[in-house]
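Colleague: Hey, can you walk me through this one? I'd like to know how to read it before class.
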Amino acid sequence: MSDPADRVSGVGVPAATVRDESADSAGNCPGLSGDEVRRITLYAQGFLGAGARRGGVAGVLRRVSAVQLDTISVLARSHELVAYARLGPVGRDAVEKAYWPAKRPQTFEYWAHAACILPIPDWPYYGWRRRTIAARGQRWHQVSEDACQRVLGRLRDEGPLTATQLGGAKAGGPWWDWSEVKIAAEWLLDTGRAVCVRRTGWRRIYDLPERVVPGGLLDQTPTDQECLAYLVGTVARALGVATHADFVEYQRLNGYGVGLRSGAVLDEAAAAAGLVPVTAHGGKRPVPAWADPAALAWLDAGGRGTHRTTLLSPFDSLIWDRKRTLRMFGYQHLFEPYVPKEKRERGYFTMPLLAGGQITGWVDPARDGQTLVARNVFLARPAAVAPMARALAEAAQWVGCANVAAERVEPAPLAEPLATALRALG
């Protein structure tokens, strides 16, 4: 049982570390312990092992398959933090250029776990999702086909344009009160008649797929079942091992015209993707899952490597599934920007500390001039002091801060050791 303080901090008891061979002895799928599932996931996500830095930012995207976008920027925007967490202090300009190169697009934006940057070779396999949205006739707003035709006409005649260049994103009311051209542009994006492969100043640049998506990809029209198998495969490679619930949550698969309730459709897709059936332990009870053969081979070869010590964006794909995060790390993930300040338990943009393959604390950071301010810090144990100090110092240097100041530290007796460790790092 976890300590009462853990229920406040969100850091509890990690998954079991002893492999359970009962599945093998029963003649069923190979069994993976909770510790093995966690290590395979850290390896697959790029936080463990020598190959984690291979390919730079583009390699990170290929590895995790989807990088979530969000408007909130504290130390940096989340898509930058995802690359930083795995690669260390890579140049922020380099991150932007890797996601959105000036020539030869390498990515496109679309709906996966949420609004995400996706590798452009995956374009055909979101056709299932585009077709399903088109069949509904709308998403959040009523859309005018006349407005769509006007937007398409301008894109054909004038080239790639932002919503501002098309006539403005807002209709004059709250932020969600979109203008007609913004509604049309987003609908065209949803249904694949337009595409975003670049941004400028955080603004989407809308373009025509036939102009920027390679012809070999545009010509591909995989079936819904082929799309599902492909996406299930990307999830397994991104997580190493995935249950039915993991597949659905990572790619938000529900609601796109394929019945997933029984799990049989997902099992067929996983088998078609070449995945290996396993039994995953570490939760309340063993559950059937599917593993990436390459991740299993890494585990069978010893599964060794150096762990990354870093702060994680709350939108990082390692932890965006709260149930899986709790099951794997014993960590209760909270996201509180939209909670009134006086009701927040941890802070505005809480970033967990990943160290030694475990989540051993969290921090709510902010910037004040040249100082990175750790407004709230929680350390699960004294051994987390040094990793937290290193993670804060590295993050500060990356975003151009010269100092780190910790304001409120829990448990309180660890405040001075943390300050001492930060001073020693300069």
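Predicted model: local features only at pLDDT ≥ 70, side-chain atom pairs only at ≥ 80, totals over all residues.

Colleague: OK, and what does Asp246 meet in a salt bridge?
Modeller: Its side chain meets that of Arg324, at 2.5 Å from N to O. Arg324 has a relative accessible area of 4%, so this residue is buried too.

Colleague: Where in the chain are Arg324 and Asp246?
Modeller: Arg324 sits in helix H17 (residues 322–329) and Asp246 in helix H14 (residues 244–251). They are 78 residues apart, so the pair links distant parts of the chain.

Colleague: How many salt bridges does the count come to?
Modeller: The count comes to 20. One of them joins Arg39 and Asp35, with the closest N and O atoms 3.2 Å apart. Both residues lie in helix H3 (residues 34–45), four residues apart, and that is about one turn of the helix.

Colleague: Are Arg39 and Asp35 buried or exposed?
Modeller: Arg39 is buried, and Asp35 is buried as well.

Colleague: What about Glu394, which residue does its side chain meet in a salt bridge?
Modeller: That would be Arg308, at 2.8 Å from N to O. Glu394 lies in helix H18 (residues 385–398), while Arg308 is in the loop between helix H16 (293–300) and strand S11 (310–311), so the pair ties together parts that are 86 residues apart in sequence. Glu394 and Arg308 are both buried.

Colleague: Let's zoom out. How many helices and strands are in the chain?
Modeller: The chain has 19 helices and 15 strands. Its radius of gyration is 22 Å, close to the 22 Å that the globule rule gives for 426 residues, so the chain is as compact as a globular protein of that length. The C-alpha trace spans about 65 × 60 × 40 Å along its principal axes.

Colleague: And what percentage of the 426 residues is buried?
Modeller: Buried residues make up 55% of them.

Colleague: What share of the contacts comes from residues 24 or more positions apart?
Modeller: They account for 63% of the contacts with a separation of 6 or more.

Colleague: New topic: the inside. How many residues does the largest nonpolar core have?
Modeller: It has 66 residues. Those with the most contacts inside this core are Tyr99, Phe108, Leu118, Val232, Phe247 and Leu253. Helix H13 (residues 224–239) gives the most to the core, with nine residues. A second, separate core has 33 residues, including Ala76, Leu311, Leu353 and Leu414.

Colleague: Take Leu118, what is it in contact with?
Modeller: If we leave aside neighbours within four places in sequence, the contacts of Leu118 include Leu61, Ala66, Phe108, Tyr110 and Tyr126. Ser65 and Gln106 are also among them.

Colleague: And Gln68, is that one buried or exposed?
Modeller: Gln68 counts as buried, because its relative accessibility is 10%. You'll find Gln68 in strand S2 (residues 67–68). Not counting residues up to four places away in sequence, Gln68 touches several others, among them His79, His113, Cys116, Phe315 and Trp320.

Colleague: Which way do S12 and S13 run, parallel or antiparallel?
Modeller: They run antiparallel, and five bridges join strand S12 (residues 351–355) to S13. Ala355 stands opposite Gln358 in S13. S12 and S13 form a hairpin with two residues between them, and Gly356 in the turn has a positive phi of about 60°.

Colleague: Then how many bridges are there between S13 and S14?
Modeller: Eight, and S13 and strand S14 (residues 371–379) pair in the antiparallel sense. Val363 stands opposite Val377 in S14. S13 and S14 form a hairpin with two residues between them, where Gly369 in the turn has a positive phi of about 65°.

Definitions and conventions. Residues numbered from 1 in each chain as written. Heavy atoms only, no water. Core = buried A, V, L, I, M, F, W, Y, C linked by side-chain atoms within 4.5 Å. Buried < 20%, exposed > 50% of the residue type's maximum accessible area, 1.4 Å probe, protein only. Contact = heavy atoms within 4.5 Å. Salt bridge = Lys/Arg side-chain N within 4 Å of Asp/Glu carboxyl O. Rg over C-alpha atoms; globule rule 2.2 N^0.38 Å. Pairing = 2+ DSSP bridges.
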